[in-house]
Amino acid sequence: MDEVATVSDDALQDAMLTSFSRLKLAVEPAGAAALAALAGPLRERLRGKAVGLIVCGANIDPAGFAGHLAAAQARAEPAA
């Protein structure tokens, strides 16, 4: 291993929302970790490069999944 990238819980939820809304993939937080890292701490370094992500993990119940998406959506909505 050459490097470890860390992401916040909020970033995991945001990546879950992106995975579901844009890619139609329902993944648990751990399954969204690679996308969260790509969208966050690795974004500038990997800009313009071809990148492949392994997305796995749908071991989450519907209520938990919905809660994560709702939290991410609330952060994405502009304050009224």
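Helices here are DSSP runs of H or I at least four residues long, and strands are runs of E of at least two, both numbered from the N terminus. With that in hand, the chain reads α-α-α-α from the N terminus on, which comes to four helices and zero strands.

A word on what you're looking at: this is a predicted model, where local features need pLDDT of at least 70 and side-chain atom pairs count only at pLDDT 80 or more, while totals for chains, interfaces and linings use all residues. Residues are numbered from 1 along each chain as its sequence is written, and side-chain values use heavy atoms, with hydrogens and water left out.

Now for the overall build. The C-alpha trace spans about 35 × 35 × 20 Å along its principal axes. The radius of gyration is 13 Å, which agrees with the value near 12 Å that a compact globule of 80 residues would have (taken over C-alpha atoms; the rule is 2.2 Å times the number of residues to the power 0.38). Buried residues (under 20% relative accessible area, 1.4 Å probe, protein chains only) make up 21% of the 80.

Next, zoom in on one pair. The axes of helix 1 (residues 9-23) and helix 4 (residues 62-76) come within 8 Å and cross at roughly 100 degrees, so helix 1 is roughly perpendicular to helix 4. Axes are lines fitted to C-alpha atoms over the stretch in contact, with angles running from 0 to 180 degrees between N-to-C directions; 65 to 115 degrees counts as roughly perpendicular. Helix 1 brings D10, Q13, D14, M16, L17 and F20 to the contact (heavy atoms within 4.5 Å), and helix 4 answers with F65, H68, L69, A71, A72, Q73 and R75.

How values were computed: Angles under 35 degrees count as roughly parallel, over 145 as roughly antiparallel, 65 to 115 as roughly perpendicular and the rest as oblique. Buried means under 20% relative accessible area, exposed over 50%, partly exposed in between (1.4 Å probe, protein chains only).
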